Amino acid sequence: MSTGSDRAAAGPGRRTVLLSGLGGIGVLAGAAGLGGCTSSSGTAGASGASAGAGAGSAADTLRDASGHATARAFRGERQAGIIEPPQTYAVFLAVDLPTGADADSVRRLLTIWTDDAEKLMSGQGTLADLEPELAAVPAGITVTIGVGRRVPELTGAAVPSWLAPLPAYKIDKLQERWSGGDLFVQVCANSPTTVAHAVRRMLTNMGSLGRVRWQQRGFREPFEGPGIPMRNLFGQVDGTVQPDVTGSESAMLWIGSAGPAWLHGGSTVVVRRIAMDMEVWDRVDREARENAIGRHLGSGAPLTSPADAPPTAAADLDAKTPLGFHVIDDGSHLRRARGDNKEKILRRPYSYDDAPEVDPTTGRMSGLSNTGLIFVAYQADPMTQFAPMQARLAEKDLLNLWTTPIGSAVFAILPGAKDGEILGQALFG
Ligand code: HEM
């Protein structure tokens, strides 16, 4: 049953919502106390939300049967959504700024999104939320925000050279509708309803301050137990070999003092949409599939280990067959992705499986599937870490027979917001 305090938590009344429908809450940000980081009501609302972070209600605990954390702390040195084990559902979206955007309008958008992210991660509805009940099961939600090149250009902050499209690769068939963007939002949670509601709130509250450029919806299943990563839709165990990002290899992930001041404690993300040709994959036998990846399909163990070994078993890249060929094929994805093991990236991939595209001439769906991987990689520098690896795979990788990159974008991931700050605070001098 709804109480008076529930209604108060739902945010401003109907009049404000109607107004926001006309002009966008972005336009109303000043009136709503979100006009800038110095606004007392903007930061007060935000810190009020943080008090609940990590607490989670009894209802959350009952409904989040997966046992994952329900609410998460928002404030800190770094944003959430990067080193946590990936949640089951995700939406990735890129936003373009309008032609007349300036530093002030970017600041207003980041102020609104900071408040939204903090509230959502603590299980509260956002500003002007008419369905705060949909936020009440946070399901481990994380909201992670990044920016493209245009943002530091508008605010006068230093623009790193890597904040640009990746070089073109010969395997690419990139489409505008999945590429580029001025801002990036990643929303992940263990409930698809929680994700959908969060995305809707953030986009509604964005108002006329931005326009969605692309939106990608992904999932990770099945979960086979602790320590076992997901299977992608080729059935491969995916995400096994990862750098030690919370220990000895954390420098590969976070931007330190050598980077621009506004990015200290931040990171970078590369989002590649990679189509997987399921119909052709279906025609390949199991041995050829395992050869292409260099791993057993069942266990995910390298082909140089017994088929029932764990996926983490060490690969022996020197082992040869009686005929003198490498057991782990020279063109296998394992060997080509690893290279000399110098570059490191943190992979956080999600599958997509959308309805087949409609053929404009017949008006009917074409093919049986529209399936692939939203390849999401975090690293400190995309040009020295991601790009050489991708170049090696474009040159030779048996997986290329069935996979085609159709989207690509690079963003700087903002450092975390400390108490009283908005995300991207240091962009504004
Ligand atoms: C649809 C495209 C792709 C699929 C289906 C795929 C699948 C896989 C699978 C099954 C593994 C083995 C298990 C593991 O360690 O996670 C793997 C490993 C790996 N992949 Fe991919 N991958 C794809 C694209 C990429 C791309 C674009 C990159 C980077 C540019 C990449 C980088 C890596 C790396 C670094 C490894 C670990 C290699 C090692 O053993 O050291 N992958 N991938």
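Is alanine 128 buried or exposed? Alanine 128 is buried, with 21 other C-beta atoms within 10 Å, where buried means 20 or more other C-beta atoms within 10 Å of a residue's own, exposed means 12 or fewer, partly exposed is in between, and the C-beta atoms are placed from the backbone. Before I go on, please keep in mind that this is a predicted model, in which local features need pLDDT of at least 70 and side-chain atom pairs count only at pLDDT 80 or more, while totals for chains, interfaces and linings use all residues. Residues are numbered from 1 along each chain as its sequence is written.

Alanine 128 lies in the loop between α6 (103-121) and β2 (142-147), with helices (H or I, at least four residues) and strands (E, at least two) taken as DSSP runs and numbered from the N terminus. Its phi is near 60°, a positive value in a residue other than glycine. Most residues other than glycine have a negative phi. Alanine 139, found in the loop between α6 and β2, also has a positive phi, of about 50°, and counts as buried with 25 C-beta neighbours inside 10 Å.

Let me turn to the strands. In β3 (residues 183-189), seven of seven residues are buried, with Leu183, Val185, Val187 and Ala189 on one side and Phe184, Gln186 and Cys188 on the other. β3 pairs in the antiparallel sense with β1 (residues 89-96) over seven bridges, pairing being called when DSSP finds at least two bridges between two strands, and alanine 94 stands opposite phenylalanine 184. β2 and β3 also pair in the antiparallel sense, over six bridges, and there threonine 144 has glutamine 186 as its bridge partner.
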